[in-house]
Amino acid sequence: MKVAMTGTSGNMGREVLKQVLELDEVELVKILLTNKRKNNRLSRRLKKQYGARIQILRGTVADKDVCRALVKDVEYVVHMAAVIPPASDASPEASRECNLLGAMAIVDAIKERKPQPKYIHISTMALYGNRSIARPFGRVGDPLTVSPFDYYAMHKLRGERYVLDAELDCFAVLRQTAMLHLNMMADNIKDGLMFHTTLNAPLEWVSSRDSGYLIKRILQRDGNGEVPQFWNNIYNIGAGKKGMDTGYDTFKDGFAIIGGSPEKFFKPHWFATRNFHGIWFADGGELEDMFAFQRDDVSEYWKEIGKMHKIYALGRLVPAKLMYLFLFRRLRFHRNSPDRWLRDGDIPRVTATFGSVEQANALPQKWSEVKLASKGDFGDYDQMRDVSRITKDDLFCHGYDEGKSILEWNMDDYRQAAAFRGGEVVSQAADSPYKKITWRCADGHEFEATPFAVLRGGHWCDKCCYPTPWSFDKISKTNPYVAQAWYDSHTKNEDIIYDLDSSGNSLMSKFTEE
């Protein structure tokens, strides 16, 4: 078995590479590393450790010639390369090059191969946008309402759409949830990103180790011909109940290893109240049933991080006020922090994050005044995370008969789904849900998409539903499918279009219904 991989210098990629090379049946892994100096040392270490079993190509994933060389003579391609927040916030162009153009280049290279290798595309739960604790569970097929000004989600959304419309012979899209890794603490105290987290955000954490084990199990079981039903579908990579947390819980567990807590270091009004991305998966068991990969518990994993980095224990000796002054104060006033946007008068970002300046200023400043899901303020927290208790009313409607398998769909299903999105089917359906047809949205835009991308993927019009601009307030007026997700954290009287100017500055304007 020969496998090609991108993103192996990242937290997930390192685990995938390590665990896949534990398989005796894997003869060769071809990896792509950028020409950054730090990758020179990694390259030497990998060649020393794995010898002829690893082949290293250098270049960028957006380079089509490099991608052609990478996918040549392999049976599987695993595309994990990504520029994630906060790097994507700081460099939108780097995000676009990797998260969008990289996905396009890989897919194009695969389509040129005869026969095509099997393709595993790592997408993200960020496509689902903001979810509240009122309706925390989601699943594949839900609306994709990416948060305004989230470059990472914006480019990953377009990259995934390109994959789904490419009509590949054999593919799987895996939407990765929030991922824990051993460098978690160090990687998230560099800028104001932590304050984007809403305190009651539903977050389902999976470890990089379990993510690596999942890919290993996919290759292992598919190589034995055991999971033919896996391919040509989309899945959420989750961790189950033992990985379900909230934003507050995440800070509580993380800062416990340095002897702290959210209450010691922060004020509650410094955190966003919406415009984040977090979700618990109602369908996370689909991959678990096939590959039995969910092993790590989120709370235990945080303890493991503390044991590995002994230096964090020194934080217990530092008074909380000093810790704030020398570390967290800088992050609070960082240009990527909501508190900084409020102080600088960045009204579009403040509005997206809090609803308005007035709502931001009215937030409680004492922890005793804040309602927290994990403390039982919204009901029994243990029962709240129990997937077996989910009812149809807890989930969003997808607008067609979901009791059918993908290959049982017909024109009636496509018409029903389109109508629920405020649109219609324009052309006669092809003989496969994986072949593109023409649709029309409520604004009259005609676009091509596979029925699979629309019904199973949750994608829709690429002319108005894909940022920029972010116009979900407007779309929700005529698209009940999108409205049910958007109104989870927005009100029906909001009428804002969010956008960016040519320099990347945030903009907002009101739309007028005709």
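Me: Which residue in β15 is the bridge partner of Ile437?
Reply: Ala449 is the bridge partner of Ile437. This is a predicted model, where local features need pLDDT of at least 70, side-chain atom pairs count only at pLDDT 80 or more, and totals for chains, interfaces and linings use all residues. Residues are numbered from 1 along each chain as its sequence is written, and side-chain values use heavy atoms, leaving out hydrogens and water.

Me: What makes β14 and β15 a pair?
Reply: Two strands pair if DSSP finds at least two bridges between them. Four bridges join β14 (residues 437-440) to β15, and the two run antiparallel. Strands here are DSSP runs of E, at least two residues; helices are runs of H or I, at least four; both are numbered from the N terminus.

Me: Why are β13 and β15 called edge strands?
Reply: β13 (424-425) and β15 (446-449) each pair on one side only. The open sheet has the order β13-β14-β15.

Me: Why are α5 and α6 called roughly parallel?
Reply: Angles under 35 degrees count as roughly parallel. The axes of α5 (residues 92-112) and α6 (residues 151-164) cross at roughly 10°, so α5 and α6 are roughly parallel to each other. Axes are lines fitted to C-alpha atoms, for helices over the stretch in contact, and angles run from 0 to 180 degrees between N-to-C directions.

Me: How do you know which residues of α5 and α6 meet?
Reply: Contact means heavy atoms within 4.5 Å. In α5, Leu100 and Met104 are among the residues that meet α6. Tyr152 and Tyr162 are among those on the α6 side.

Conventions. Parallel < 35°, antiparallel > 145°, perpendicular 65-115°, else oblique.
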